[in-house]
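I took the aromatic residues to begin with, then the sheets and the helices around them.

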Amino acid sequence: MTKGHSEMEALMGFMDRSTSPFHAAHELSMLLDDAGFTQLDETNRWDSRNGSYYVIRDGSIIAWALPDSVSVEDGFTIVAGHTDSPNLRLKPILSGEISGLKQFGIEVYGGALLNTWLDRDLGVSGRIVTSSNGKLKERLLMISEPVCRIPQLAIHLDRNVNEKGLVLNPQQHLRPIWGDEHSIQESFSDVLRERVLENDEYLESWDLMLHDIQPCALAGIDNQWLSSARIDNLVSCFSAISSLIESTSRSSHARVPMVALFNHEEVGSNSTAGAASNFLPSVLDRILENPIGADKHKTLAKSSLLSSDGAHATHPNYPEKHDLDHQVFMNAGLAIKRNSNERYATTAKGQGFAQLLCKSADIPFQIFSNRSDIPCGSTIGPIASTRLGIETIDMGIPQFAMHSSRELCGITDIKYLQKFMLSYLGSGSLLDT
């Protein structure tokens, strides 16, 4: 088996196992453990001088290495991404029955393409909180079996759906069916209790979500695309951690390499673990506490951040939705994202820096800019740059069907992304390049 094939199989396995942000953080932590990184606890005092470390908070994970060859005052090269994806989240009470079929309610998380969740075999994953002897315990849960489904209304009962379009009310039309009048369990929470609880445990609460159980696959006549759930943004997460691990085996660092992957990007990042929280600033502060006389302001002034998130490839069936002066194609290189209204954080200096890195590493690149008459999406780049005041570059791999339950991206672009991240993590300051 060639290195390229083994890396792609590792990525695909990670994608299939990371059905929630909590699972993604856990899977990434195991990669770091295998590479010799040490997990730190935010409730303890840190004594993290030279070495490799990571910390997890509510589905977010930050990892870094402190090589002997560099000082923290040389600045940080931070690769950022997000562990969450748009999906359907289970409500706190999981009961209901209509027409002899048992159901439960969901909430739409983020900007999900709702129709893509219909007529799919759905599993459940996330985290649960249980109690035993007066103490709480948190653990992961994954049921990757077709335990529920959201069937679409037959066309015979909605004759104009193809002409007028499908309109879905989340409260009414997205309630999954999971059992019927012959099912023993009264509610879906009873299913959870039966599946996961030990004898002395009580199920207190959960952060659970639905996921399509179909595994990711290579697609296209030449297997040139990756078809999967959660490409946005798990490809960036896996690439970032893989690049950090590889960079630690090299001695050529000009700054301290770091990866920060956040939960809750798809709903605005305003949470205790999101990019707008104190998580990253707090970790940076604690790292800078150790060196005597470390100048935080000097360090941040020499630091930069790469926000890696998906970009919209130009869709051949909808050319009118794109700025055709800025077409972006899958397997044609990374997309550097620009927006004058600060929806992306890339400046002219950041674009120039990214382009120089691409040229030096022989990586093709493209420039993405939205149509001027269509609102532009955003990501964690502007949030992180505002919190830290450091130069930030927004870029990523082009993809189709962003926020669908099943997305598509180019295989070659994934290799470009990992190569770019590795080059970036070893780079010097923007002005020195």
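Which residues form one aromatic cluster with Trp46? I looked this up in the model, which is predicted. The cluster consists of Trp46, Tyr53 and Trp64.

**Aromatic pairs.** I searched the whole structure and got seven aromatic pairs. One of them is Phe14 with Phe238, a tilted pair at 5.4 Å centre to centre and 35 degrees between the planes. I placed Phe14 in helix H1 (residues 3-17) and Phe238 in helix H6, so this pair ties together parts 224 residues apart in sequence. Phe14 counts as buried because its relative accessibility is 2%. Phe238, at 7%, counts as buried too.

I then took Tyr53 and Trp64, which also make a tilted pair, with 6.0 Å between centres and 35 degrees between the planes. Tyr53 belongs to strand E2 (residues 51-57) and Trp64 to strand E3 (residues 60-66), eleven residues apart. I read a relative accessibility of 10% for Tyr53, which counts as buried. Trp64 is buried as well, with a relative accessible area of 0%.

**Charges over rings.** I checked Trp46 again and found the charged end of Arg286 over its ring, 4.1 Å from the centre. Elsewhere, Arg89 lies over the face of Tyr109, 3.6 Å from the ring centre.

**Five-stranded sheet.** I traced an open sheet with mixed pairing and the strand order E13-E14-E22-E21-E17. Strands E13 (217-219) and E17 (311-312) are its edges, each pairing on one side only. E14 (residues 225-228) and E22 (residues 407-410) run antiparallel and are joined by four bridges. Here Leu226 is opposite Cys409. I noted that helix H6 (residues 231-248) packs on this sheet, where it touches E14, E21 (398-400) and E22, at about 40 degrees to the direction of E22. Helix H11 (residues 411-425) lies across E13, E14, E21 and E22, at about 65 degrees to E22.

**Strand E20.** Is E20 buried or exposed? I found six of its six residues (391-396) buried, so the strand is largely enclosed by the rest of the structure. Glu391, Ile393 and Met395 cover one side, and Thr392, Asp394 and Gly396 the other. E16 (residues 304-308) runs parallel to E20, with five bridges; Leu305 has Thr392 as its bridge partner. E18 (residues 334-337) runs antiparallel to E20, with two bridges, and Ala335 stands opposite Gly396.

**Helix H2.** I recorded 14 residues (21-34) and a span of 20 Å from first C-alpha to last, close to the 20 Å expected. Its buried residues include Phe22, His23, Glu27 and Leu32. Gly36, which follows H2, has a positive phi near 90 degrees.

Key. Residues numbered from 1 in each chain as written. Predicted model: local features only at pLDDT ≥ 70, side-chain atom pairs only at ≥ 80, totals over all residues. Heavy atoms only, no water. Pairing = 2+ DSSP bridges. Contact = heavy atoms within 4.5 Å. Axes fitted to C-alpha atoms, helices over the stretch in contact; angles between N-to-C directions. Expected span 1.5 Å × (residues − 1). Buried < 20%, exposed > 50% of the residue type's maximum accessible area, 1.4 Å probe, protein only. Phe/Tyr/Trp six-rings, centres within 6.5 Å; stacked < 30°, edge-to-face > 60°. Lys NZ or Arg CZ within 6 Å of the ring centre and 35° of its normal.
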